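Below is a short briefing on one chain, grouped by topic. Please read it alongside the sequence and the 3D view.

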Amino acid sequence: MNKNLSLFEQSQTLIPGGVNSPVRAFGSVGGTPIFFKKGLGSRLWDENDKEYIDYINSWGPMILGHANPEVLDAVKQASQNSLSFGAPTSRELAIAEEIIKLVPSIEQVRLVSSGTEATMSAIRVARGYTGRDKIVKFEGCYHGHADALLVKAGSGALTFGQPSSAGVPEDVAKHTLTLPYNHTQALEDLFASSGDEIACVIIEPVVGNMNLIIPHQEFLQSLRTFCTKHGAVLIFDEVMTGFRVDLGGAQTLFDVIPDMTTLGKVIGGGLPVGAFGGKKEIMQQLAPLGPVYQAGTLSGNPVAVAAGLKTLELIQRPHFFTKLTAITSNLVDGLTASAQQKNIDFCARHVGGMFGMYFSKKAPDSFDEIMQSDRDAFKKFFHLMLNEGIYFGPSAFEAGFVSAVHSEEDIKLTLKAADKAFNTL
Ligand code: KE4
């Protein structure tokens, strides 16, 4: 008896869509979501005890692999002394120091409990700091589910065909302007017409939420120049790319420094931690110092921070990102070679430890191009690989993630399964 099926039937009576986050449903690929009970290293086991190689890694956080013993130990140690105080702890200083040391744009940082809280708070600070209302985002980018950001969003919003969510009042959405990603002329035109009304621009400096899209260097550079010229706050949403594409994030990789950065995922090591930070003069706008209010009962939670601190410590070990990038490179090169041997319109590419797979002739550079990719082919490929015990994200609009403990053997097994899948396709 397939326990995933019975669990999913039960969960749908209790939880909307049977899941606590839409992207986990198999809505766009069909079939039944897998209910997992155990993870260890690069592997997952479902309720039927079927084993998988995991390329979701909780959508980024599990960069060390599942159940890393040192992270679990740090969590155990911290949890012996109560789970939460609602008061400052020295551990929050320690992780703030690490984040400020590692992220070039961050002079001061505040912790929250999710990426959504981080981006929602960063937008509010930027509006408070500039006294302006308009914000700019890019079509297909996803920055969590705060009202102002659910306009032409990516990730699950795009996957399920509601890029602009119901329930967001027109009075809110009208202040969110959207532009095409990697389109410098559109950027220049908007700043020319409304630059002095723009509080901030928020961008995924490497996109992971309309599948993986890599920015043109001149596009990011132009964005920096225009924001500086017009006094708009440039926010890099590095919730996914932070400590994933490089130790210093995409801002280090592309050498473009924003005014603010949002973080999440890896900095909690699998427990709920988000963060937003940037120039001191902007962050000083925050209560209790300044007029911009922002708060959270479990912000800086000592147990979650213990997991994050240990994770940040371990990813600073020598050659960590060199090895992670090499593993990911072997995966994407192997997938591309296998498909092209069989004349299948498929390619894959990566940035650090995150990757994209596209059923299209060439890797897309824009939202319009990613929308041309063959979603049906992806759907078939997804299930062929799942049957072989390879777990990719159940959406053509998500990036994939590799951990530091994905082995050569894992990649070999994945490529063997892909060979079989491409033959079937
Ligand atoms: P959370 O609120 O889900 O922690 O973070 C929101 C967020 C903000 N910014 C970026 C660039 C993100 O990728 C995310 C969350 N990413 C999705 C995966 N595409 C989380 C998975 C989910 O929604 O369940």
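Into which domains is the chain divided? The chain splits into domain 1 (3-67 + 318-424) and domain 2 (69-314), with bounds from an automatic or database domain assignment. This is a predicted model, in which local features need pLDDT of at least 70, side-chain atom pairs count only at pLDDT 80 or more, and totals for chains, interfaces and linings use all residues. Residues are numbered from 1 along each chain as its sequence is written, and side-chain values use heavy atoms, with hydrogens and water left out.

- The C-alpha centres of the two domains, domain 1 and domain 2, are 25 Å apart.
- Domain 1 gives 38 residues to the contact and domain 2 gives 36 residues, where contact means heavy atoms within 4.5 Å.
- About 3,000 Å² is buried between domain 1 and domain 2, 66% of it on carbon and sulfur atoms; buried area is the accessible area (1.4 Å probe) that two parts lose on being put together, summed over both.
- V351, M354 and F367 supply 21% of the area that domain 1 buries against domain 2, more than any other three residues.

**Helix packing**
- Helix α3 (residues 90-102) packs on helix α11 (residues 302-314) at an angle of about 35°, and their axes are 10 Å apart.
- Helices (H or I, at least four residues) and strands (E, at least two) are DSSP runs, numbered from the N terminus.
- Axes are lines fitted to C-alpha atoms, for helices over the stretch in contact, with angles from 0 to 180 degrees between N-to-C directions.
- Residues of α3 in this contact include R91, I95 and I99, and those of α11 include P302, V305 and L309.

**Helix α12**
- Helix α12 (residues 320-341) has 22 residues and should span 32 Å at 1.5 Å a residue, which agrees with the 32 Å between its end C-alpha atoms; the expected span is 1.5 Å times one less than the number of residues.
- N343, which follows α12, has a positive phi, near 55°.

**Backbone exceptions**
- Most residues other than glycine have a negative phi, and most peptide bonds are trans.
- N57 is not a glycine, yet its phi is positive, about 50°; N57 sits in the loop between β3 (51-54) and α2 (69-79).
- The peptide bond from A287 to P288 is cis, with omega near 10°, and P288 lies in the loop between α10 (280-283) and α11.
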